[in-house]
Amino acid sequence: MFEVLKTEGKARRGVFTCAHGTVQTPVFMNVGTQGAIKGAVSAHDLKEIGCQVELSNTYHLHLRPGDQVVRQMGGLHRFMRWDGPILTDSGGFQVFSLSGLRKIKEEGVTFASHIDGRRIFMGPEESMQIQSNLGSDIAMAFDECVENPATYEYAKASCERTLRWLARCKAEHDRLNALPDTVNPRQMLFGINQGATFPELRIWHMKETAKIDCEGYAIGGLAVGEPTQVMYDIIDAVEPYMPAEKPRYLMGVGTPSNIIEGVARGVDFFDCVMPARNARHAKLFTWSGALNIRNEKYKLDERPIDPDCDCPVCRSFSRAYLRHLFAAEEMLAMRLAVLHNLYFYNKLAERIRQALDAGQFAAFRAEYSEKLAGRL
């Protein structure tokens, strides 16, 4: 399922195999929350821009079109016409992001739908059932993502409950995979480490989480408001207690620099809405730093977004044209910008892998970690 091919310091070069293909790691997963990348990007586009894993959200797809609909359509792969690996988030992040619309109990979480206000209950079993209906390759355990800052007492109680929820997820996941009509009987389960910004709590929770046999383990609840260095410190604290033979996933992170620094700390999987979201607001990533394509100085700029990029957008269009599309509020502006940014992130992961293959990751990190955090 997962093999570490080589290491450089804590950085790992690996290969992950699941029901719908083989993934080269480190990998950035492209976020299509509702079965589509925001910005009019289809599954066919994902192939062209180098996507290896697509990520969708359990809560949102449960609301619409409904996981039973997706199941009847043959599962999410067939529904969205993506034949590569899919990871589904459990709905646990919505426990954080919809804090004003939910109530947490031991049994699970009751949400007021952000669409029409109807009440929805989701617990570990329901999350596993929905993800089983979707047929993803990786199902994430149902957890609580705690807001930062949180009190130690609340974070500890939440960790303990998340651990109990993981045991329930594991039991239900095993049951569902054994059913004769399961959409994807080879679906995997990843557990999630929580604990806010308390290193000792994070370590305890990781030790206990690792006792429940999952196919991979994630670090959740970071990049939700804490300083970047605190996030790095938490990864450093948790990493020694994550099973070395299993893939490691840093949820919802992050900037290009965050990804490089995460790899340096032993992380294999990443995802973030940032590249697509920033693209829709005209912020584009280049190998020399980020730029805002709305800037007046690009009005007559014939160069591509990034002269060092060979994405479909940079091969065909100028900065001046992209700026015009945004100024004219053309839908094409968002589509082209999202394609470029996702290509950049996928290429970043590829170049990290190449650097690890060559034993040059330390040099790559020294050259690009700080540079990619800056602006043109």
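A residue is called buried when its relative accessible area is under 20%. By that criterion, strand β5 (residues 54-57) of this predicted model is covered on both of its faces. Strand β5 belongs to a closed barrel of eight strands with parallel pairing, in the order β4-β5-β6-β10-β11-β12-β13-β14.

- On one side of the pairing, β5 is joined by two bridges to strand β4 (residues 27-31), in the parallel sense.
- Val 31 has Leu 55 of β5 as its bridge partner.
- β5 also runs parallel to strand β6 (residues 86-89), and four bridges join the two.
- Leu 55 in turn has Leu 87 of β6 as its bridge partner.
- Between β4 and β5 comes helix α1 (residues 43-48), and these three elements make a right-handed β-α-β unit.

- Strand β10 (residues 138-140) and strand β11 (residues 188-193) run parallel and are joined by three bridges.
- Within this pair, Leu 189 of β11 stands opposite Ala 139.
- Helix α7 (residues 152-177) packs on the sheet and touches both β10 and β11. The direction of α7 makes about 180 degrees with that of β11.
- Helix α8 (residues 199-210) also packs on the sheet, where its contacts are with β11 and β12 (216-219). The direction of α8 makes about 160 degrees with that of β11.

- Strands of a sheet pair through backbone hydrogen bonds, either parallel or antiparallel.
- Strand β15 (residues 283-286) and strand β16 (residues 289-292) are paired in the antiparallel sense, over four bridges.
- Phe 285 is placed opposite Ala 290 of β16.

- Helix α6 (residues 124-134) is largely enclosed by the rest of the structure, because eight of its eleven residues are buried.
- The buried residues of α6 include Pro 124, Met 128, Ile 130 and Leu 134, as well as Ser 127, Gln 131, Ser 132 and Asn 133.
- After α6 comes Gly 135, with a positive phi near 75 degrees.
- Helix α13 (residues 331-357) has 27 residues, which at 1.5 Å a residue should span 39 Å. The C-alpha atoms at its ends are 39 Å apart, in agreement with that expectation.
- Gly 359 follows α13 and has a positive phi, near 70 degrees.

**Cysteines**

- A disulfide is a covalent bond between the sulfur atoms of two cysteines.
- With a cut-off of 2.5 Å between cysteine sulfur atoms, the count of disulfides is zero.
- For Cys 145, the closest cysteine sulfur is that of Cys 159 at 11 Å, which is too far for a bond.
- Cys 311 is likewise in no disulfide, and the nearest cysteine sulfur, in Cys 309, is 3.6 Å away.
- Cys 145 is buried, with a relative accessible area of 6%, and Cys 311 is buried, with a relative accessible area of 0%.

How values were computed:
Residues are numbered from 1 along each chain as its sequence is written. This is a predicted model: local features need pLDDT of at least 70, side-chain atom pairs count only at pLDDT 80 or more; totals for chains, interfaces and linings use all residues. Side-chain values use heavy atoms; hydrogens and water are left out. Buried means under 20% relative accessible area, exposed over 50%, partly exposed in between (1.4 Å probe, protein chains only). The expected span of a helix is 1.5 Å times one less than its number of residues. Two strands pair if DSSP finds at least two bridges between them. Contact means heavy atoms within 4.5 Å. Axes are lines fitted to C-alpha atoms, for helices over the stretch in contact, and angles run from 0 to 180 degrees between N-to-C directions. A crossover is right-handed if, with the strands pointing away from the viewer, the path from the first strand over the helix to the second runs clockwise.
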